[in-house]
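User: Please take a close look at one part of this chain for me. I would like the helix packing, placed in the context of the rest of the fold.

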There are 2 protein chains.
Amino acid sequence: MESSFSKHSGPVHENKKTMLPFKHLIPIDRDSDTALYQQIASGMIEAIQNGILETGSSLPGTRVLAKTLKVHRKTIISAYDELCAQSWVDINPRKSVKVADLLPELAPKSWKEEQIKLLPRPDNFTLAAELAEQSGNVHRIVVNDGYPDIRLFPHDLITREYRFSLKQKARQSMEDPLLPWGANSLRNTLVNYLSKTRGISTQLDHIMVTNGAQMGIYLAAMTLLSEGDHVVVGVPGYHLADEVFQHVGANLHQVNVDQDGFDVDALETLCQNYPIRVVYCIPHHHYPTTVTLSPERRNKLLELAKDHCFTIMEDDYDYDFQYDDSAYLPLYSLAKEVDIIYVGSFSKVISPYLRIGFMIANPTLIRKAYRLRRLINIMGDEIMENTLATLINSGDLSRHIKKTTKIYRERRDYLVRQLQLKIGKQVYFNIPDGGMALWVQFEQKFPLQKAIRLARNKGINLSGLPLTYQSSLQGLRIGFASLNMQEIDELVSIIECSLSKDV
Amino acid sequence: MESSFSKHSGPVHENKKTMLPFKHLIPIDRDSDTALYQQIASGMIEAIQNGILETGSSLPGTRVLAKTLKVHRKTIISAYDELCAQSWVDINPRKSVKVADLLPELAPKSWKEEQIKLLPRPDNFTLAAELAEQSGNVHRIVVNDGYPDIRLFPHDLITREYRFSLKQKARQSMEDPLLPWGANSLRNTLVNYLSKTRGISTQLDHIMVTNGAQMGIYLAAMTLLSEGDHVVVGVPGYHLADEVFQHVGANLHQVNVDQDGFDVDALETLCQNYPIRVVYCIPHHHYPTTVTLSPERRNKLLELAKDHCFTIMEDDYDYDFQYDDSAYLPLYSLAKEVDIIYVGSFSKVISPYLRIGFMIANPTLIRKAYRLRRLINIMGDEIMENTLATLINSGDLSRHIKKTTKIYRERRDYLVRQLQLKIGKQVYFNIPDGGMALWVQFEQKFPLQKAIRLARNKGINLSGLPLTYQSSLQGLRIGFASLNMQEIDELVSIIECSLSKDV
């Protein structure tokens, strides 16, 4: 961005008679690590906060102040730009500089006897600069573990509906109490949506809208479990669920997840030895391996739940994108006489920034979760929840899923083809029938760490991906949905490159 | 809303040869409690889900179907309207009705052997109807305990900036990792904002953006406290903070809050008898009584914190609206060698639906809170956080505060005047110098419950307001900021009315 001063050549307005002694007001330390323009900006801020420079008063022109302080004029330009960016000064169309009118009308008063200076520490600047450097060093491509492509986000649609929901809310005044279990519009919509998309028959008092599926897991665990309770999870599995159970103080038991999903025989053995309270399970596209729990094991899991009276926590974060085959119905939709908590998410359908998910459970648990959720953050963003309800009811969400499903299927196929073509026999994977990620397993000797390092040097960040070691294979979960073909090309090239001895 | 069928007079298209046996398909029970149109809608949904009515197929016209089922044509119109509202059918411009195309392309498959019908339970309809009745019975005015008037919400501005933030994010691809401590843009902005508005000198690693101030209280309590720890709160006080401390299993001690705020002498006595770990305090506009902690007590509170090594949790939910006098600086800004956790909120500045707050604390606590926040909901709405940062930096937020401050001051003065005029000697209050609520105390014999009941009958909901009994006075916290003058008139009239023996 060009400085707003860089083309300044107009008249400089200052009144020498009333000009303040800036030379003394603004101490400059030429040996300091802090840039000169930052020192000048700090000095100005202090003078404004002390009332020496009054709101609305004019500051000297850049040439005059440069001469007074014996610095280059560009340094003053930078200082004024900084002050303007921080809203301490206004720069008017004729490029004269005034102390901003919008400082708080009533400055806060000290309640201590000594005089207090409201000066931001100079290291704020250093920190901001450090951060600016960090974001200068930004990765061109961040590979994630399976999120929708935010570039395909229906911006205009969502913004329009959001605006509409806002205006509607304002018209209605505040007729709704603040609702920890989510907007009624969305809860009502979910009753039909879940029935239509996944055969889940439910009722309003079983539904809670959450900030993403993660909050469902947290609320359920906190509500259901006490310290020392026995919980079973799959391995490899979803680390943030494991951490929630550890946070509650549960005894965590792990069972293996193979090609048919969660090992229910191992679970049976555990049930014979421990009073299992909760089994956390991702039957559809297990995380990170993307396998689907087989029908036989589903039946057995439900039988075990009935016999041993444990609760199944069914995480169905990835239901919506199916490519080759239909999805199985969730456990929740077919279970009888089994206590199931079902959590799902719209963050994985639309955008990771839309933090809306849901939890379906028995009304007793929902009521307890309601009380806890009030303590955590009172409620979600009701306007955004209304917006989502509108998008579901209008069919816009279905259309968006249909459109992106086609794109994601192509991306999955392209990643698979490129990996087969370029890396060939050193990688193994099963092509998932849906979802947004491919679980790629590499030979033990494959230089995967080198590939990650090489990628980082080329501006591609792989460091957030779950990486596991199992039966002498290294597994990496690559989210293909948010990568376009060119990005997939780059990624596969770098993985290929790491095989070369020259790099 | 007028039914989309009510003016239907065009040609009715149906093919008698291929018409399905709707008489048998749609069982009608005239003795059922469920409305006829709902029974018909349910039957249609079942037929669609079973594949008997195919996607895209035409449904009979309303006249024909009414005749077939022997019901009034209006009943069929209502059933089709219901089906349309639930997205099961599309109604085209010529008013013919087709089964919607947007049913999921790949219907989920059962993994149980028996045939499953994907039928929503009929009681969904009953529930939805109940809810519709509830919202038909909506209150015209909901008096809250001190929230901004959402009718003054700068819709267009926020929507425009939100849209811009969204597009910007999409352009950048996903360069940021998911950030449990909030968007960098907003954290950077807060460094300057807090310095400028309330003299808080802080740095990035001390700042966490939360979902409202409530999440700050929750995260701090969960991170800092163990079961049995001693915590001191004020009484009357903020019930959701008390509940958080109880949730953690803390020993809760109460000290009285009088005209000068928190009783620090009582606190001193407690400190001599218990190892106090945390003191939760609202020095500025205590909830619910709106009193401000006096300078003397502030100094003593800090001294006690230093001597007895407890942490002060400073809840500053209500800093931004000042009318008559400057606000005192927060404890945080002037404390030295004292551990303070400072929480604030933008939900109280812009709208209760904007769930953004912040917590300022030592970096060790912030890091622990970061780990817990990932488990709770991973992160907030980063796009909205970027939007807020833009509004702060552009000065739009200051302008909004300035504009609404003027309006809220007028509303406070009007409520005070009306109460004095109409209720006179039976109420007591101190006029708060800022904030959004008036703490009104009534004589013990004042029929306050009757007033609340009367108000409810007139469509004015007061039932969410904190109501306390202290020293033979009944206290009610009335949020004036979201009531316009006409609404204040209505409210005061009803309170006045309850004094009449005739009502």
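Analyst: A definition first: two strands count as paired if DSSP finds at least two bridges between them. The model is predicted. Strand 9 (residues 311–315) of chain A and strand 10 (residues 340–345) of chain A pair over four bridges, in the parallel sense. A:Met313 sits opposite A:Ile341 of strand 10 of chain A. Both strands belong to an open sheet of eight strands in chain A, ordered 4-11-10-9-8-5-6-7. Pairing in this sheet is mixed.

Next, the domains. Chain A divides into domain 1 (5–99), domain 2 (125–147 + 399–499) and domain 3 (169–394). The centres of domain 1 and domain 3 of chain A, taken over C-alpha atoms, are 57 Å apart.

Now the helix packing. Helix 15 (residues 396–422) and helix 17 (residues 485–497) of chain A have axes that come within 10 Å. The axes cross at roughly 25°. Angles under 35 degrees count as roughly parallel, so helix 15 of chain A is roughly parallel to helix 17 of chain A. The crossing of helix 15 of chain A past helix 17 of chain A is right-handed.

Which residues meet between helix 15 and helix 17 of chain A? Helix 15 of chain A brings A:Glu410, A:Arg411, A:Tyr414, A:Leu415, A:Gln418, A:Leu419 and A:Lys422. Helix 17 of chain A brings A:Met485, A:Ile488, A:Asp489, A:Val492, A:Ser493 and A:Glu496. The residues of this contact divide into six nonpolar, two polar and five charged.

Technical notes:
Residues numbered from 1 in each chain as written. Chains lettered and ligands numbered in written order. Predicted model: local features only at pLDDT ≥ 70, side-chain atom pairs only at ≥ 80, totals over all residues. Heavy atoms only, no water. Helix = DSSP H or I, 4+ residues; strand = E, 2+ residues; numbered from the N terminus. Domains from an automatic or database assignment. Axes fitted to C-alpha atoms, helices over the stretch in contact; angles between N-to-C directions. Parallel < 35°, antiparallel > 145°, perpendicular 65-115°, else oblique. Left-handed = near helix turned anticlockwise from the far one by under 90°. Contact = heavy atoms within 4.5 Å. Nonpolar A, V, L, I, M, F, W, Y, C, P; charged D, E, K, R; others polar.
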